[in-house]
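Subject: Structure handover

Hi,

Here is the structure for you to look over. My notes on charges, backbone and surface follow below it.

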Amino acid sequence: MLAVSHVLVSGLATSIILNTSDPLVISVGALAGLFPDIDTPKSIVGRLFPFISNFLTEKMRHRSCTHSFLASVSLAFIVYPLSHFLNIGSQIPSAIVCGYVFGWLADMFTKNGVEVFWPSKIRYVCPTNRKFRLTTGSNAEYVVLFLLVLIAFAIFSINYQGGFFQQLNQIISSPSGAVRLYMQYSKENKILLNIEGTDTTSRNLINREFTLIQPIKNDDLIVLDESENKLYLASERLFGNIVISRITAKVGPPVKTQVKDLYLEDESINDVSLNLNPNSSVKSFLSGDFSVDEFDTSILGRDSGYFNPIEATNSRIKLTAAPFNLVINQIGDEFLTGSLKVFSISEK
């Protein structure tokens, strides 16, 4: 199989399996697909590393040891500990292993196949009919190469737009799809929702964009209308502020997020150093459940048209994605006991 075919197969497999459009990760996977052919001096990597290639050529047949699960597992045992030592994350070593495996798996479609379970000398081929297998540099391989290029453009486009699950969510329009995107991408990107539905207070139809702040139980969603800086609870059930009839989600612009966990013991939020500026461009949301002494619930402003993130009785206060400014204005001086989670979002 041609080197360019190996590069395309391994690059595609890396993009699909790791669900990535990162050029560096895909390139690493694509190049790793060339290395099984280090067992022949005629290959690109064989010419780059002639001492290794000549040694392997003398000791074993082409498409044997380096085209096997044993070689792939050995490679994984090398690159994963090394990446941990170098603190480069898991994407790069995963791309190396993925690209390498699909590099030799592609050779199963050639005339002579590969020794998948080396040192067993049994060769595995696909398909079983020899007439339908590929010959390196044949017209059939160039047809396959053309199809791989088309598939590559499609896959890279899908992953650049958030991956397969985002595109699926665009089709099936489900809150669970939005939650899936939130769990996968919200650390580094806004999750933007286009919601069509009904405002439960005014009974007006709505169709506009929101930012997903936090999913809660039963795939109900706390969303922010950034144009009016108001929170809504959106749900497919007859519950909350917006009843969803259709929803699509996409990965939005990059953001910097920070989560801080604190414990308050008879302390006011005003007295705790959160390092938050009420007037800054950073949006901060507070969550927690607290005990409090003789809280006057009448001071809470409530609007049935919006999500009310502060719930309270005389002895308990519960915050659910409550905006920092609102908390400071309404309960900032109250002495609370309980766990506090602060979630902050800022533009990159």
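A salt bridge here means a side-chain nitrogen of Lys or Arg within 4 Å of a carboxyl oxygen of Asp or Glu. Asp289 and Arg316 meet that rule, with their closest N and O atoms 3.2 Å apart. Asp289 sits in strand 6 and Arg316 in strand 8 (residues 316-323), so this pair ties together parts that are 27 residues apart in sequence. Asp289 is partly exposed, at 40% relative accessibility. Arg316 is partly exposed as well, at 38%. Please keep in mind that this is a predicted model.

Salt bridges

Side chains of opposite charge can pair when their charged atoms come close. How many salt bridges does the rule give? The count comes to 11. Two more of them are worth a look.

Start with Glu115 and Arg61. Their closest N and O atoms are 2.4 Å apart. This pair links distant parts of the chain, 54 residues apart. Glu115 lies in the loop between helix 6 (91-105) and helix 7 (139-160). Arg61 lies in the loop between helix 4 (50-59) and helix 5 (69-86). Is Glu115 buried or exposed? Glu115 has a relative accessible area of 1%, so it counts as buried, the cut-off being under 20%. Arg61 is partly exposed, at 44%.

Next, Glu226 and Lys190. Here the closest N and O atoms are 3.0 Å apart. Again the pair links distant parts of the chain, 36 residues apart. Glu226 is in the loop between strand 3 (221-225) and strand 4 (230-235), while Lys190 is in strand 1 (residues 189-199). Glu226 is partly exposed, with a relative accessible area of 33%. Lys190 is buried, at 14%.

Charge on the surface

There is a patch of negative charge on the surface. Its residues are Glu265, Asp266, Glu267, Asp271, Asp293, Glu294 and Asp333. Take Glu294 as one of them. Glu294 is in the loop between strand 6 (283-291) and strand 7 (310-312). Its relative accessible area is 76%, so Glu294 is exposed, the cut-off being over 50%.

Asp296 is found in that loop too, between strand 6 and strand 7. Asp296 is partly exposed, with a relative accessible area of 43%. Where does Asp296 stand relative to Thr313? The two are 17 residues apart in sequence, and their C-alpha atoms are 8.1 Å apart in space.

A nonpolar patch

Phe35, Ile44, Leu48, Phe49 and Ile52 make a nonpolar surface patch of about 440 Å². Ile44, one of these residues, is found in helix 3 (residues 44-48). Ile44 is partly exposed, with a relative accessible area of 39%.

Backbone

Most residues other than glycine have a negative phi, and most peptide bonds are trans.

Which residues does a cis peptide bond join? Trp118 and Pro119, with omega at about 20 degrees. Pro119 is in the loop between helix 6 and helix 7.

Asn87 has a positive phi, near 55 degrees, and is not a glycine. Asn87 lies in the loop between helix 5 and helix 6. At 69% relative accessibility, Asn87 is exposed.

Arg203 also has a positive phi, about 65 degrees, and is not a glycine. Arg203 lies in the loop between strand 1 and strand 2 (205-215). Arg203 is exposed, at 63% relative accessibility.

From the database record

UniProt, in an unreviewed entry, places the feature "transmembrane region" at residues 92-110 and 140-160. What does the model show over residues 92-110? The chain there is 74% helix and 0% strand. The end C-alpha atoms of that stretch are 28 Å apart.

Best wishes

Key:
Residues are numbered from 1 along each chain as its sequence is written. This is a predicted model: local features need pLDDT of at least 70, side-chain atom pairs count only at pLDDT 80 or more; totals for chains, interfaces and linings use all residues. Side-chain values use heavy atoms; hydrogens and water are left out. Patches are made of residues with over 30% relative accessible area and no salt bridge: like charges are joined within 9 Å, nonpolar side chains (Val, Leu, Ile, Met, Phe, Trp, Tyr) within 5 Å. Accessible areas come from the Shrake-Rupley method with a 1.4 Å probe; for residues, only the protein chains shown count as cover. Lys and Arg count as positive and Asp and Glu as negative; His and the chain ends are not counted. The place of a charge is taken as NZ of Lys, CZ of Arg, CG of Asp or CD of Glu. Helices (H or I, at least four residues) and strands (E, at least two) are DSSP runs, numbered from the N terminus. Buried means under 20% relative accessible area, exposed over 50%, partly exposed in between (1.4 Å probe, protein chains only). UniProt positions are given in the numbering used here, feature names are shortened, and annotations may be inferred rather than shown by experiment.
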